[in-house]
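Subject: Structure and pocket notes

Hello,

Here is the structure I said I would pass on. Please have it open while you read the notes below.

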Amino acid sequence: MSLYDIFDALERGPIGEAIRNSHWLFPVIEAFHLIGLVVLGGAVLVVDLRLLGLGLTRQSIARVTNAAKPVLYCGIAMMFGTGIPLALSEMIKLYYNRSFWVKVTALAVVLIFTFTVKHPLIRRENTNRLVLFLIGLISMTLWFTVAGSGRWIGFSS
């Protein structure tokens, strides 16, 4: 079974069919997807701007990160909880869409980076400021790539 066959089967599944055949399901799910983007983006920005030294500088990085972590998790859950059903409704379109592949690749990279590099280094008390700055810059770049390529999916065929 090829990757195309898997995408085709997923699109023809009950969730994809229900969303595709409804006049209101896709836009409602998309609206919640965008709310999830705001929640996730807010959590990422507050931490990454702190790492860059551009905000909340009177608060420790650990304190900002710990406060933002539940919001980050909520945003990720909202994005996956809405993004997967949206994708299921148009899997064949996504299969041929370069922006989709950029998005899912960047998403995988940023999630691995966030939980295996960024958060462990932030928890260390003696992490160099330049390293923290670079972590914030890399994180923002990856998250902007996810958001930008996700937005570009709607503009490309």
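This is a predicted model: local features need pLDDT of at least 70, side-chain atom pairs count only at pLDDT 80 or more; totals for chains, interfaces and linings use all residues.

Largest pocket

The largest pocket holds about 940 Å³ of space. Its lining is made up of 35 residues, and those closest to the centre are His-33, Met-79, Lys-103, Gly-150 and Ile-153. Five helices each supply at least two residues of this lining: H3 (25-51), H4 (61-88), H5 (91-95), H6 (98-123) and H7 (129-153). Helix H3 gives the most, with nine residues. Sorted by class, the lining of the largest pocket has 25 nonpolar residues, along with five polar and five charged ones.

Second largest pocket

For the second largest pocket, the space comes to about 170 Å³. The residues that line the second largest pocket are Arg-50, Leu-51, Leu-52, Gly-53, Thr-57, Ile-61, Arg-129, Leu-132 and Phe-133. Helices H3 and H7 each supply at least two residues here. The largest share of this lining comes from H7, with three residues. By class, the lining of the second largest pocket divides into five nonpolar, two polar and two charged residues.

Regards

How values were computed: Residues are numbered from 1 along each chain as its sequence is written. Side-chain values use heavy atoms; hydrogens and water are left out. On a 1 Å grid over the protein atoms alone, a cavity is a set of points where a 1.4 Å probe fits but cannot get out, and a pocket is an open set with protein on both sides within 12 Å along at least five of seven lines; lining residues have an atom within 4 Å of a point. Grid points are joined across faces, edges and corners, and a volume is the space filled by probe spheres set on the points. Helices (H or I, at least four residues) and strands (E, at least two) are DSSP runs, numbered from the N terminus. Ala, Val, Leu, Ile, Met, Phe, Trp, Tyr, Cys and Pro count as nonpolar, Asp, Glu, Lys and Arg as charged, and the others, Gly among them, as polar.
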